[in-house]
Amino acid sequence: MDFDRLQTFLKVVQYGSFQQVAAHEYRSQRTVSKQMAQLENELQVTLFERGHNKIQLTPQGRLFWASAQDIVNNYTSALTELQQFKTPTNQVLRVGYFSAFEQQLLLNALYTLKQRYANLQLVIRQGSNEHLTQQVMDGALDLALSISYGRPAITAGTRLTAVPLYHNQMVIGVSRLNPLSKLSELPPSSLTTLPILYYSPESSTFLLESFLASTPLMQNHDQIRRVTSAEQMHLLVALNQAFAFYPAGLVPMSHDEQVVYLPIADEARQGYEIVALLTKHASQPLIDELIGLLRGGHSTGA
């Protein structure tokens, strides 16, 4: 499959117009339209409903859109990783993580490891729990960080094991503009007053199911929404547009001028655990050393 066609397809979806893509890419509209026709012929499906000055994705187009994003992202990531290996080395460690919150935990440990092994090459990927789990099982990653909250990070019967690294309490971010911020605990009934956000860089049901399992009082599942960046989530919370789940201990909380972080009152299952996912037979000194550093390096200014 032609990679340039895939990139053009994603841009057409983004701009909603062959003409706008042509203008941004300094191509003719005829060239863009021809590329999309060639892609449809190759796939043997119609990707676009073409109207006057506007195009829309067909149901097949929407389905292919998600796959095209994965293909382009995976190719770009693979290219970036290959370019890192300019110096031949036998010391390679491939690590995945799922959100910005455990990034500092991972950074501290990997920084120490790089200090110890100057020639160590690192491959670092961010993704959903589902993708990271599969990549560890496939051997594409040596280890991945995940969260156990409301439900296990892995299902029984898989070829993976979850090694506990760090545990703390899940809390709710509340804007100081909201009168509820004056409380020491958040009453469960107050959770229905605003949308509740969680952060995940990829579309994933894992975290949504975790939050629903940990908070059975939530009856309206549509109230819990995913945002694609931690910055966006924090902005919406600070402006009192939403509440959000935050992992205590993995986000600086002591000097936040706009947001307070409150436990949910009378909810016994709000503890979470960061775990390392790896195959049951994984054994190499670098992995063991990294796990030791992760267990000992969780000072994040909570």
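Start by selecting H5 (residues 103–116) and H9 (residues 285–296): H5 passes H9 in a right-handed crossing, where right-handed means that the near helix is turned clockwise from the far one by less than a right angle, and left-handed means anticlockwise. What you have open is a predicted model, in which local features need pLDDT of at least 70 and side-chain atom pairs count only at pLDDT 80 or more, while totals for chains, interfaces and linings use all residues. Residues are numbered from 1 along each chain as its sequence is written, and side-chain values use heavy atoms, with hydrogens and water left out.

Two packed helices are described by the angle between their axes and the distance between the axes. For H5 and H9, the angle is about 130° and the axes are 9 Å apart. (Axes are lines fitted to C-alpha atoms, for helices over the stretch in contact, and angles run from 0 to 180 degrees between N-to-C directions.) H5 and H9 are therefore oblique to each other; angles under 35 degrees count as roughly parallel, over 145 as roughly antiparallel, 65 to 115 as roughly perpendicular and the rest as oblique.

Next, select H1 (residues 3–15) and H3 (residues 29–43). How far apart are their axes? They are 10 Å apart, at an angle of about 110°, so H1 and H3 are roughly perpendicular. Their crossing is left-handed. Phe9 and Val12 are among the H1 residues that meet H3, whose partners include Met36 and Leu39.

Hop over to H6 (residues 129–138), where Asn129, Leu132, Thr133 and Val136 are buried, with buried meaning under 20% relative accessible area (1.4 Å probe, protein chains only). Look down the H6 axis: the buried residues fall within an arc of 100°, so they line one face of the helix. After H6 comes Gly139, with a positive phi near 90°.

Finally, zoom out. The protein chain has 9 helices and 11 strands, and buried residues make up 44% of its 302 residues.

Notes. Helix = DSSP H or I, 4+ residues; strand = E, 2+ residues; numbered from the N terminus. Contact = heavy atoms within 4.5 Å. Buried < 20%, exposed > 50% of the residue type's maximum accessible area, 1.4 Å probe, protein only. Arc of directions from axis to C-beta.
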